[in-house]
Amino acid sequence: MIDELFNRYPQLKECREEIENAVNMLIACYQKGGKLLLCGNGGSCADCDHIVGELMKGFLELRPLSEEQKRKMKTSCTLLDDELLNKLQNGLPAIALPSITALNSAFCNDADPELIYAQSLMALAKENDVLMGISTSGNSKNVFAAFKVAKGLGIHTIGLTGKTGGKIKTTADLCICVPETETFKVQELHLPVYHAICASLEEYFFSLRQ
């Protein structure tokens, strides 16, 4: 999938090392029982939800439960049957911090709007988690604040930004800086990047186990 990405978007070849390292970081995260936390604003907020949707269920292929999974679940709850279990899929845990609207609006009103993602991180982040922050400029104040808190908590971070990387590049463990500067053009390249990452994770955790 990574090779296909660069065939379709040759301008992204300069980001190859960072994209591959991001995939490897997330593989290690999930192997150790971690989860992906995401934050961003506007179109990048929508991208966070998009990524969660690709990870938490089948993306390019179905991810059916194994017979062993179904057996254990039916043993624990006799009300479960194959008709229900056959419709469920395996997923990789991911949380879009902007989607926690009640907490975000309360903290924005009661405390500090720039720290809404930092606060969610304080409550949710655990060892082996990864934070991905999406910002076309790399300078979104609330995303940058979350990166500083993530560093303080000792969790790994991935930035997905435009060409310069902004402040996020100075703090992230790795930063994928797509080679554009205009907001809409940066966003147009972010989508194929995170689709390739999600597809690579799906292939690693689900295709190879069949």
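A: The expected span of a helix is 1.5 Å times one less than its number of residues. Helices (H or I, at least four residues) and strands (E, at least two) are DSSP runs, numbered from the N terminus. H2 has 16 residues and spans 23 Å from its first C-alpha to its last, close to the 22 Å expected at 1.5 Å a residue. This is a predicted model, in which local features need pLDDT of at least 70 and side-chain atom pairs count only at pLDDT 80 or more, while totals for chains, interfaces and linings use all residues. Residues are numbered from 1 along each chain as its sequence is written, and side-chain values use heavy atoms, with hydrogens and water left out.

Q: Which residues of H2 are buried?

A: Buried means under 20% relative accessible area, exposed over 50%, and partly exposed in between (1.4 Å probe, protein chains only). In H2 the buried residues are Ile19, Ala22, Val23, Met25, Leu26, Ile27, Cys29 and Tyr30. After the helix comes Gly33, with a positive phi near 85°.

Q: How many aromatic pairs are there?

A: Rings of Phe, Tyr and Trp (its six-membered ring) pair if their centres lie within 6.5 Å; planes under 30 degrees apart count as stacked, over 60 as edge-to-face and the rest as tilted. By this rule there are two aromatic pairs. Tyr30 is buried at 9% relative accessible area, and Phe205 is buried at 14%. Tyr204 and Phe205 also form an edge-to-face pair, with 5.0 Å between centres and 75° between planes. Tyr204 is partly exposed, its relative accessible area being 35%.

Q: How many salt bridges does the structure hold?

A: Side chains of opposite charge can pair when their charged atoms come close. A salt bridge is a side-chain nitrogen of Lys or Arg within 4 Å of a carboxyl oxygen of Asp or Glu. The structure holds ten of these salt bridges. One of them joins Glu20 to Arg16 at 2.9 Å, N to O. These two residues are four apart in helix H2, and therefore about one helical turn separates Glu20 from Arg16. Glu20 is partly exposed, at 31% relative accessible area, and Arg16 is likewise partly exposed, at 31%. A network of salt bridges links Asp3, Arg16 and Glu20.

Q: Which parts of the chain does the salt bridge of Asp129 and Lys35 tie together?

A: The side chains of Asp129 and Lys35 meet at 2.7 Å, N to O. Asp129 lies in the loop between helix H7 (116-124) and strand E3 (130-135), and Lys35 in the loop between H2 and strand E1 (36-40), so parts 94 residues apart in sequence are tied together. Both Asp129 and Lys35 are buried. In another salt bridge, the closest N and O atoms of Glu202 and Arg63 are 2.9 Å apart. Glu202 is in helix H10, and Arg63 is in the loop between helix H3 (43-55) and helix H4 (67-76), so this pair ties together parts that are 139 residues apart in sequence. Both Glu202 and Arg63 are buried.

Q: How many disulfides are present?

A: A disulfide is a covalent bond between the sulfur atoms of two cysteines. The criterion is a pair of cysteine sulfur atoms within 2.5 Å. The structure holds zero disulfides. Cys45 is in none, its nearest cysteine sulfur being that of Cys48, 6.1 Å away. Cys45 is partly exposed, at 23% relative accessibility, whereas Cys48 is buried, at 0% relative accessible area.

Q: What is the order of the strands in the sheet?

A: Strands of a sheet pair through backbone hydrogen bonds, either parallel or antiparallel. Two strands pair if DSSP finds at least two bridges between them. Here, five strands form an open sheet in the order E2-E1-E3-E4-E5, with parallel pairing. Strand E2 (94-96) and strand E5 (174-177) stand at the edges with a single partner strand each, so one side of each has no neighbour in the sheet. Three bridges join E1 to E2, and these strands run parallel.
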